[in-house]
Amino acid sequence: MLTRRAFIGQTAATLGMVMSGRQVLAASHAPAILTAREATVQLAPDGYPATSIWGYEGRAPGPAIRVRRGERVQRRLVNNLPEPTSIHWHGIRIDNAMDGVSGLTQEAVAPGQAFDYDFVAPDAGTYWYHAHNRSWVQVARGLHGPLIVEEAEPPQVDREETLVLDDWLLDPETALIDESFDNPMRMSHGGRIGNLITTNGQFDPAIPVERHTRLRLRLINVSNARIFPLQLAGLRGWTVALDGMPLATPEPLEGVLVLAPAQRADLIVDVTAEAGETAHLVRLGNDDRPASQVAFPVSASAARTPRAAPAALPPNSVSGLGSLADARPLRLVMSGGAMGRMNSAVLGGERLGFRDLAARGRFWAFNDMAEMTQAPLADLSLGERVRLEIVNETVFPHAMHLHGMHFREIRDGRPAGPMRDTLLVAAQETREIGFVADNPGDWLFHCHMLSHAESGMMTWVRLT
Ligand code: C2O
Ligand code: CU
C-alpha cells in the first residue's frame, strides 16, 4: 500500500518534471496552463508496474482548481496528446462558448494546439473538469480533475479533503486495456467498469486524523460507469451539498450514500472512532461486502469534544422553479442495451435493426434516435420552465446529466428533493425533472456512463 507521504512525494516529483520542462509558465500575463499529456503513474499498489495514462499536467486526477465564488477561472488547455481534446467544466452554470463540448460548443483542440478557457464560477460548490471529446476513452485514461469553488464564508472545519473516486480497467501488467473501450459487451451492458478502484489516483489510501476532528469531504465520482454505494464507519456525518448545491438542511448520513458517475457530495464528518482505531469511508461491493475506500487512522486529540450538527452552507442564487403550471412538458424515452426491447432505431436518417445498429457501435437510443442529431430535443425560450419526464425502458441504471443548468426532481407534480446536475435513474424507472431554462446556448443532456453516451445516449436542448 502506498503511504500518503509516498504519494505526495511522487506527485511533487511529477510536478517538478512538468515545471522544468515548461518555462512558459513563468511568463507573467499568460493564463495558467493545463497540459493534457501522456504520463506514467503508480496506480496499483507498490510492487506492481506503473501505468501509462493521459492526465492534465501528467496527473490523474489533474491539479485541483480552486477559486472563490464569483471569481474568474482562466486556463489555457495545451494539447500534447496524440488526438484532439477539449475540457468541460462539469456542473458550472457557464457561458455556453466555454462549455467545452467538442462538436457542439467548440471544435476539439488538435494535437499541438491550445485553447483558452475563461469563465466565471457563479456558484460555490464541488465541481470537476474533464475531457469532452471521445470522453469514454479520454476520461477513462485519466483526463479529469477537481474544480472547487469556495463559499465567501466557508463552514468551520478543521480540515478539508477532496476525494476523487475512480476505477481503472487494467490488465495483469497494470496497463489500461485498450480494446475494452469499444468492447460491445461493455457498451451494451453496465459500461466500462474498472477492476482497480482508486481515490485521488491511489489504491486504498490512508489519511491520518485526530479524534474529534471535523472534516469536510468533497467526494467526486469521475469513473466511467461505476456507481459507488458509500457508508461511514467511525465517522459521524452530514451531507451538506449534492452536485455542488447546498442542501437547505444538512442531512445526517446514517445509511448509504449512492454516488453515480459524475455526481458529487459534500460531507461534514466528525471523527468518532477511538485513538488507535481506523475510521473508514466504506464502499459496498456488488454483493454488499464492505471495502475501505479511504482509511482514516485515528490518533489521540488535544482537547476537542464532539460538536453540534453543522449549519447549512450559504445558498447559491439559482432561480427557483416556482409554479410548474405552465411548464413545457418534454419526454425522453431511453431504450436499448442488452436484454432490452429496442428492435430498431434511427441512425443517419435510416431506421436500422438492432444488429445493424450494433455493427455501427450503437446500442442505445433516446426517443428512438441512436445518435445525437442536428435537431435538438427541444427549442426552449429564455426563462421558460421545463418539466422533463425520463422513462428508462432499459434494464440498466443511467446517470443523466444536463449541462449548463441545475434541475430539481419533480414528484407528484411538485419540485422535490435537492438541486442536481446528474440524476441516477434506475432500471425501468420513470423520473421527472424540472428546471428554469435561464442559460442561453446549446446544452447537452446525456448519460454519464460514458460508453453509453458514445453508443446512443446523448441529446441536447437549444435555448434562445
Ligand atoms: Cu460531465 Cu457532458 O459531462
Ligand atoms: Cu447509461
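Four strands make up an open sheet, ordered 3-8-7-5, with mixed pairing; strands here are DSSP runs of E, at least two residues long, and helices are runs of H or I of at least four, both numbered from the N terminus. Two strands count as paired if DSSP finds at least two bridges between them. Strand 3 (65-68) and strand 5 (87-90) sit at the edges with a single partner strand each, so one side of each has no neighbour in the sheet. On average, neighbouring strands of this sheet are turned by 20° against each other, direction ignored, with axes taken as lines fitted to C-alpha atoms. Strand 5 runs antiparallel to strand 7 (residues 125-131), and four bridges join the two. Here histidine 88 stands opposite histidine 130 of strand 7.

All of this comes from a predicted model, in which local features need pLDDT of at least 70 and side-chain atom pairs count only at pLDDT 80 or more, while totals for chains, interfaces and linings use all residues. Residues are numbered from 1 along each chain as its sequence is written, with chains lettered from A and ligands numbered from 1 in the order in which they are written. The pLDDT (the predictor's confidence in each residue, from 0 to 100) averages 91 over the protein chain, and 93% of the residues score at least 70. Residues 1-28 fall below 50, and this stretch has 25 contacts beyond near neighbours in sequence, a contact being two C-beta atoms, placed from the backbone, within 7 Å. Where pLDDT is low, the predicted coordinates should not be read in detail. The model scores ipTM 0.98 and pTM 0.92.

Strand 9 (residues 159-168) is largely enclosed by the rest of the structure, because seven of its ten residues are buried (20 or more other C-beta atoms within 10 Å of a residue's own; exposed means 12 or fewer, partly exposed in between). Strand 9 pairs with strand 12 (residues 214-221) in the parallel sense over seven bridges, and glutamate 160 has arginine 216 as its bridge partner there.

Leaving out residues up to four places away in sequence, leucine 259 touches Leu165, Leu219, Asn221, Phe228, Leu230 and Ala265.

How values were computed. Axes fitted to C-alpha atoms, helices over the stretch in contact; angles between N-to-C directions.
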